[in-house]
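Please look over the structure shown below before reading on.

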Amino acid sequence: MAFGPFLCFCICGRVLALVIWGVLIVGCKANFYSDFDITWGNDRAKIVNNGEILQLSLDNYSGSGFQSKNEYLFGNIHMKIKLVPGNSAGTVTAYYVSLSLSLSLSLSLSTCYLSSQGPTHDEIDFEFLGNLSGDPYIVHTNLFTQGKGNREQQFYLWFDPTQEFHTYSVLWNPIQVMFSVDGTPIRVFKNAESKGVPYPKNQAMRLYSSLWDADNWATRGGLVKTDWSQAPFMASFSNFEANACVVSSYSTTKSQCGEASNGWFNQGMDSTAEERLKWVQKNYMVYDYCKDTRRFPQGFPSECSLFLPKSL
């Protein structure tokens, strides 16, 4: 199938190989100066260590955020993140991919996401909900297709995400969207268009990240507020890597992206990934929209019966 026009790259700051017609060669070094633009927060967002680390901070005046220079249509995207330590209640760190017609801002969450914009936008979200010292972070995930979200799943992590960097990944291809933490899948949204479930496949998206104040809902439903005496709050990002199809505004070539790639474009779930997914969802899932009978008294969305790991 043709999804062009676009080219396949390994995107990590210094591109060592440009690959056309879907032949993807990985070999590059991340650099935030060349890969991202700081979009808000003024000097609360800083690139340090010669471009190897980007730091976002939040105080009682403003948060901060950045976005990728490139737009992607499918990719295997990784980012190492060290979350806000100590009493991070009320903060959100966001990491997401979204349609990029205009800038999307999130306000004390850490958020990282892929997103497009507009009433029919697509978006793939990681959000990290801060908590009191000693209490676990909650990883909040969501996925929008054609402007419709409300597909939240939440998880505890099996480690302290504030002590060192951990890798948070989104594999987005024509088969599935897979959220992973340190290589362990935590959530899968499969392409079920044949069964009437919309799937993000036509709108190019940018990668966004932000650190913002959301104490009206982020921690225990808003019961625990941000302690501004602990500010500034800081989250750090490193080792960005995107083995991805980068949309080119000047190309007229329709590429069969990924047909001869290194595997991510056609990657599904093998038995090992299925078992790891079941382990996470059995032991660490704390909310699933597909089990919320109060929210869906007339029946769950159609995809809920399609995406369960086998034997879960």
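**S68 and its surroundings**

Apart from neighbours within four places in sequence, S68 is in contact with D35, F36, R206 and L207, where contact means heavy atoms within 4.5 Å. This is a predicted model, in which local features need pLDDT of at least 70 and side-chain atom pairs count only at pLDDT 80 or more, while totals for chains, interfaces and linings use all residues. Residues are numbered from 1 along each chain as its sequence is written, and side-chain values use heavy atoms, with hydrogens and water left out.

- S68 is placed in strand β6, which covers residues 64-68; helices (H or I, at least four residues) and strands (E, at least two) are DSSP runs, numbered from the N terminus.
- S68 has a relative accessible area of 0% and is therefore buried, given that buried means under 20% relative accessible area, exposed over 50%, and partly exposed in between (1.4 Å probe, protein chains only).
- Between S68 and D37, which are 31 residues apart in sequence, the C-alpha to C-alpha distance is 6.2 Å.

**The protein as a whole**

- The protein contains two helices and 18 strands, and 58% of its 312 residues are buried.

**The largest pocket**

- The volume of the largest pocket is about 220 Å³; a volume is the space filled by probe spheres set on grid points, which are joined across faces, edges and corners.
- A pocket is found on a 1 Å grid over the protein atoms alone, as an open set of points with protein on both sides within 12 Å along at least five of seven lines, and its lining residues have an atom within 4 Å of a point.
- Of the 16 residues that line the largest pocket, M178, S180, G183, P185 and Q267 lie nearest its centre.
- At least two residues of this lining come from each of β7 (72-82), β13 (166-172), β14 (176-181) and α2 (271-283).
- The lining of the largest pocket is made up of six nonpolar, eight polar and two charged residues, where Ala, Val, Leu, Ile, Met, Phe, Trp, Tyr, Cys and Pro count as nonpolar, Asp, Glu, Lys and Arg as charged, and the others, Gly among them, as polar.

**Positions annotated in UniProt**

- In an unreviewed entry, UniProt lists E123 and E127 under "active site"; UniProt positions are given in the numbering used here, feature names are shortened, and annotations may be inferred rather than shown by experiment.
- E123 belongs to strand β10, and because its relative accessibility is 11%, E123 counts as buried.
- The unreviewed UniProt entry also places the feature "glycosylation site" at N131, a residue in the loop between β10 (123-129) and β11 (138-144).
- N131 has a relative accessible area of 12%, so N131 is buried.

**Other buried residues**

- H166 lies in strand β13 and, with a relative accessible area of 10%, is buried.
- Leaving aside neighbours within four places in sequence, H166 is in contact with M79, K80, I81, F159, D160, P161 and D182; the C-alpha atoms of H166 and D182, 16 residues apart along the chain, are separated by 6.2 Å.
- S238 is part of strand β17 (residues 233-247) and counts as buried because its relative accessibility is 4%.
- Outside the four places on either side in sequence, the residues in contact with S238 are F32, E52, I53, M79, K80 and F165.
- A204, in the loop between β15 (184-190) and β16 (205-213), is buried with a relative accessible area of 14%.
- A204 and H121 are separated by 83 residues in sequence and by 9.8 Å in space, C-alpha to C-alpha.

**Backbone details**

- A231 and P232 are joined by a cis peptide bond, with omega about 0 degrees, and P232 lies in the loop between β16 and β17.
- N42, a residue other than glycine, has a positive phi near 55 degrees; N42 is in the loop between β3 (36-40) and β4 (45-48) and counts as exposed at 65% relative accessibility.
- N239, also a residue other than glycine, has a positive phi near 50 degrees; N239 lies in strand β17 and is partly exposed, with a relative accessible area of 46%.

Technical notes
1 Å grid on protein atoms, 1.4 Å probe; cavity = no way out; pocket = protein on both sides within 12 Å on 5 of 7 lines; lining within 4 Å.
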